[in-house]
Amino acid sequence: MDNRNCYHCGDPCDDDTILFQDKAFCCNGCKTVYEIFDSNDLKYYYDLQSAAGSTPKLLPGKFDFLENTEIAEQLIEFNDGKHQIINLFIPTIHCSSCIWVLENLHKLAPGVVQSQVDFPQKTVRVSFDATVISLKEIAELLAKIGYEPTISLADSDIKKNRDDKKIIYQLGVAGFGFGNIMFLSFPEYFDVNEYWLEQYKFLFRWLMFAFSVPVVFYAGKDYLISAYKGIRSRFLNIDVPIALGILVLFLRSTLEISFNWGSGFFDSLSGLIFFLLLGKYFQKRTYSFLSFERDYKSYFPVAVTRILQDGKEEVAQVNDVKKGDRLLIRHGELIPVDGVLKGGAAEIDYSFVTGEARPVHVELGGKIFAGGKQLGGPFEMVADKKVSQSYLTQLWSHSVFGENSDSKFKSLTDSIGKRFTYAVLTIAMIASLYWMFTDPEKVWNVFTAVLIIACPCAIALAAPFTLGNMLRIFGRKKFYLKDVSVIEKMAGINTAIFDKTGTLTTRKHDQILYEGSQLTTEEKSLLKSTLRASNHPLSRSLYNLLKEHNILSLDQYEEFIGQGLYGSKGDANIKIGAASFVDNCNKNYPGTAEVHLSTNAEYKGRFVLESQYRHGISQLMSELTKELDVAVLSGDHDGERKRLEALLPGLTPMYFDQSPEDKLFFVKELQDSGKRVMMVGDGLNDAGALAQSDVGIALAEDINVFSPACDGILDASKFKYLSSYLHASKKAMGIIRLSFVLSLLYNLVGLYFAVTGQLQPVIAAILMPLSSISIVAFTTVTTNWIGRKIR
């Protein structure tokens, strides 16, 4: 046996080693990729990182649907008849080598003009000449070199998110204006009396005005618009006093330079807007690379094979499938619609829909539901419904998916905005009236000083910088939240609901027990060799147990879909599978995942696959039950009840055989009784409950592969630390409240001097950004201190 690893992908070569140019390859696919790179002078790919590639798995005809003009038009971002641009999701991107080869596609295909990788998004944006190379050929090329693109139905509904680019442009404009205005203000700061500076003083002031116009009316327009909408809706949000502060600073500064009263406060104005935008960008950047609003479109293919009345096959858009259409579903494909099996054998994995890990065998005439994945060979089905009416998509027709969760939650910042605004305006008016009768010359200074010093900039920055930094810290700990409001909601949670399959249990490590007669070395080798030819999940799990045994060249192998496997070598034969399939087996244990086996018609025993519970769940649940009500909801049977009772705190409620609708309504009933609920699940069957709950957390073995609609994605390796994230959320809210107190104390002291006429607007404008900077520094230091304590 050759123990060398593949030069391209790094997998063990075993007995199938292929030698080429003194290098070992595990298969012809990896050898072909190496030859492609070698012939195109791209071998530097392997210098960046050894064994950086992945084994290519291109199924013939997989990308034929891209030849359909209607489908291609929905996927392509730009098309002028010749030049086209497509953005493709490549889930296997993982290192610098991947980036290098994908950005050198033009060397592999002459029609490719340019390709650019977005590593966090795992996408490659390809510009190509459609007269030289087609979209299908690009997809096939990527698949051949081990970077097969994932194209789903959601990709055909392209939504260009301009918000991220917009805030970058706004931040750039604010930063450019702020820097130039500060530079032009230096002579005023140091009271330079040089003749040539004095001569150009008015020019400098009007240049500052010119730089401030785009800062106010482009970079700061969102605050002005938000304040206007709030006033129009008769709601004084936190942006109203911010907008007032911006406008007062701008108008006062414009009047000062117009009448030569002074240089104005353009530097403070631009600095204020710059820091506000910096906080907003900071929190956006923290979670921008994850998708939290996934629905069925994210998992369904763009196209499906439809069989016409004359028996011919055509590629059709999934959205065009109608009731009565005959569809061909191949091995490994996702079933897009509900229907009835009309030909072939269906062995379907419904784990993401029902939560049940065991594959389901369907007989001819049996019902098939959307969202299942075919594990066996190809079969034909007749659609019962359209895609939008299938069992799976019924989850997304529920009203909970049409609601904006933020509309049900009023943030801590907004809750004080109305009172703060009323207070500031009242104080400014009363102080102005007082000085109007006492000393009219001070009225304007007092009014503007009050609005400037009382501008809630520090309050407005406290929440985004605190929560934004917590998002960054959580992300570093592999806990990714949708937005900052989720942290506020987590701090108020008093009930936690957990799914079982895939959440409390792990899909990666099933515990396999053998019960029966001892197998000889020859029987184990025959068993391993028979399992080797099958792709069934149970077969792969058993095969991994027999790594140390030899591989035999079988004389006969046959797989009976839904029943089991048969293999023979010489006079020995073996059967592996269901109790009804294995010779002389009269044993069956409902509610367990089991594989029976017999050799030479003699029953030997069975393998029992038990769920492996995640490490540390007992400690986690004990910590949570001290502060929260905890319950378990599962779509699986109750065969694991006793094991769960031993792991969980006493009297923990457990509910089994729960449908997706049952889970959703269970959460809703708790909320109706006044509970604030956190739901933790992993599959599409949990999507309704995750969306209905106050905080929905999706547990994921791979955060970039799957997650239903949720508020947060938690890496499965960090599941046992969930309670520490909840504690950190509460501490973060405490920091914000303390920041509010410090900011209000500052405002009260400043208001005293402003109201009494002892504070000039220029001093107020200097103190205002200093207070903001101090609050940002305080929140950053304290949240980092909390982050160091999170496990």
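**A close look at the sheet**

Modeller: Strands β26 and β27 are paired in the parallel sense over 4 bridges, and within this pairing G681 stands opposite A698 of β27. This is a predicted model, in which local features need pLDDT of at least 70 and side-chain atom pairs count only at pLDDT 80 or more, while totals for chains, interfaces and linings use all residues. Residues are numbered from 1 along each chain as its sequence is written, and side-chain values use heavy atoms, with hydrogens and water left out. Helices (H or I, at least four residues) and strands (E, at least two) are DSSP runs numbered from the N terminus, and two strands pair if DSSP finds at least two bridges between them.

β27 also pairs with strand β28 (residues 712-715), again in the parallel sense and over 4 bridges, with I697 standing opposite G712 of β28. In a regular strand the side chains alternate between the two faces of the sheet. In β27, both faces are covered, with V695, I697 and L699 on one side, G696, A698 and A700 on the other, and all of them buried; buried here means under 20% relative accessible area, exposed over 50%, and partly exposed in between, with a 1.4 Å probe and protein chains only.

These strands belong to an open sheet of 7 strands with mixed pairing, in the order β16-β28-β27-β26-β17-β24-β25. At its edges stand β16 (479-481) and β25 (654-655), and because each has a single partner strand, one side of each is left without a neighbour in the sheet. For β25, the pairing is with strand β24 (residues 629-633), parallel over 2 bridges, and the bridge partner of L633 there is Y655.

Turning to the helices, α18 (residues 484-491) packs on the sheet and touches β16 and β27 (695-700), its direction making about 110° with that of β16. Contact means heavy atoms within 4.5 Å, whereas axes are lines fitted to C-alpha atoms, for helices over the stretch in contact, with angles running from 0 to 180 degrees between N-to-C directions. Helix α24 (residues 660-672) lies across β17 (495-499), β24, β25 and β26 (677-681), and runs at about 175° to β17.
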